[in-house]
Amino acid sequence: RSSDLIFGFFILMLIISAYTTQLLGIHALFGAFMAGLIMPPMPRFRKLMVDKIEDLSVSLLLPLFFVYTGLKTEIGRASCR
């Protein structure tokens with residue numbers, strides 16, 4: 001239960017830092033990178049975070065990527081010259 005709260009806090013911190021850097025005019029990726037830098041250097045904690053993020057990305061982000069890519073695909077005449 002506590003690992004879910006820690007993961008939720010970590011994701012919230014990641015989103016807030018990415019949003020803040022986006023408001024400052026810097027790419028949001030830098031904010032997420034800075035949030036990752038302050039992660040404690042404990043191997044057990046990092047393994048827990050990697051496992052949870054892997055679950056989130058495989059079950060949510062990967063399907064969204066393919067849906068978004070598929071919807072933007074235009075199958076039509078290709079201009080080959």
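Is Asp51 buried, exposed or partly exposed, and what is its relative accessible area? Select Asp51 and you have a partly exposed residue, with a relative accessible area of 32% (buried is under 20%, exposed over 50%, partly exposed in between, with a 1.4 Å probe and protein chains only).

Before moving on: this is a predicted model, where local features need pLDDT of at least 70, side-chain atom pairs count only at pLDDT 80 or more, and totals for chains, interfaces and linings use all residues. Residues are numbered from 1 along each chain as its sequence is written, and side-chain values use heavy atoms, leaving out hydrogens and water.

Lys47 is exposed, at 53% relative accessibility.

Next, select Asp4 and Lys52: their salt bridge has its closest N and O atoms 2.5 Å apart. Asp4 belongs to helix 1 and Lys52 to helix 3, so this pair ties together parts 48 residues apart in sequence.

Last stop: Phe65 and Phe66. Their rings form an edge-to-face aromatic pair, 5.3 Å centre to centre with 70 degrees between the planes (ring centres of Phe, Tyr or Trp, its six-membered ring, within 6.5 Å; planes under 30 degrees apart are stacked, over 60 edge-to-face, the rest tilted). Phe65 is partly exposed at 47%, while Phe66 is exposed at 52%.

Methods:
A salt bridge is a side-chain nitrogen of Lys or Arg within 4 Å of a carboxyl oxygen of Asp or Glu. Helices (H or I, at least four residues) and strands (E, at least two) are DSSP runs, numbered from the N terminus.
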